[in-house]
Amino acid sequence: AKAVEIKRTSNETSQNEQPKKFEYKNYSNAKFLCSIMYPNNLKVVQETANGNIFKSDDENISLQIYGTNNASHFTIDSIYNKAIKDNNIYYKAKSGNWFVISYIEGDKIIYQKKVVGKGSIDTFIFKFPANQKDEYTNVVGVIEKSFKAHSTDIVH
């Protein structure tokens, strides 16, 4: 029983030493009606009607969220197939009108989600250093779950 208690204690310790807890802020895009939660260590560095780019102070971590009109009438399949062909993918998922891909670019992990509609396409791209994967895996989960694309059926 002692070994188990010691192990339990060491697990609690390692969990406490794990990733710092992030507070999250909400961003909503008025033009494309999409929204996302982002960690408060990121600040807006570029703001347009189509979307925002957020970066950490050292610029190692970034989140881009934007909408585009689907003037070329792309389908989920056409965009997804191009994305997985053009990148060295290590994670991919597609369902309904959305897909997620993740790949390594240099020393960064890129996590991208697109929601494709007849009228518009909403996207977020989150980049973080591969050596901080443990710290940012939970952040990716929060961002991904919070991403809402409410009106991709219409042109904006």
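User: How many aromatic pairs are there in this thing?
Analyst: The count comes to 9 aromatic pairs. Keep in mind that this is a predicted model.

User: Ok, tell me about one. How do tyrosine 27 and phenylalanine 54 sit against each other?
Analyst: Tyrosine 27 and phenylalanine 54 are edge-to-face, with 5.6 Å from centre to centre and 75° between the planes.

User: And where in the chain are those two?
Analyst: Tyrosine 27 is in strand S1 (residues 24-29) and phenylalanine 54 is in strand S4 (residues 51-55). They are 27 residues apart, and the pair links distant parts of the chain.

User: Is tyrosine 27 buried or exposed?
Analyst: Tyrosine 27 is buried, as its relative accessible area is 9%.

User: Which residues make up a ring cluster?
Analyst: Phe22, Phe126, Phe128 and Tyr136 are linked into a cluster by ring pairs.

User: Switching to charges. How many salt bridges does the structure hold?
Analyst: There are 5 salt bridges. One of them joins lysine 113 and glutamate 144, where the closest N and O atoms are 2.6 Å apart.

User: Which parts does that one tie together?
Analyst: Lysine 113 lies in strand S8 (residues 108-116) and glutamate 144 in helix H3 (residues 133-146), so the bridge ties together parts that are 31 residues apart in sequence.

User: Why does lysine 113 count as buried?
Analyst: Because its relative accessibility is 9%, and buried means under 20%. Glutamate 144 also counts as buried, at 19%.

User: What else is lysine 113 up to, say with tryptophan 98?
Analyst: The charged end of lysine 113 sits over the ring of tryptophan 98, 4.7 Å from the ring's centre.

User: Last one: which residues make a nonpolar surface patch?
Analyst: Tyr90, Tyr91 and Ile104 make a patch of about 300 Å². Tyrosine 90 is in strand S6 (residues 89-95) and is partly exposed, with a relative accessible area of 43%.

Technical notes
Residues numbered from 1 in each chain as written. Predicted model: local features only at pLDDT ≥ 70, side-chain atom pairs only at ≥ 80, totals over all residues. Heavy atoms only, no water. Patch = residues over 30% accessible without salt bridge, like charges linked within 9 Å, V, L, I, M, F, W, Y side chains within 5 Å. Areas by Shrake-Rupley, 256 points an atom, 1.4 Å probe, with all protein chains shown as cover. Salt bridge = Lys/Arg side-chain N within 4 Å of Asp/Glu carboxyl O. Helix = DSSP H or I, 4+ residues; strand = E, 2+ residues; numbered from the N terminus. Buried < 20%, exposed > 50% of the residue type's maximum accessible area, 1.4 Å probe, protein only. Phe/Tyr/Trp six-rings, centres within 6.5 Å; stacked < 30°, edge-to-face > 60°. Lys NZ or Arg CZ within 6 Å of the ring centre and 35° of its normal.
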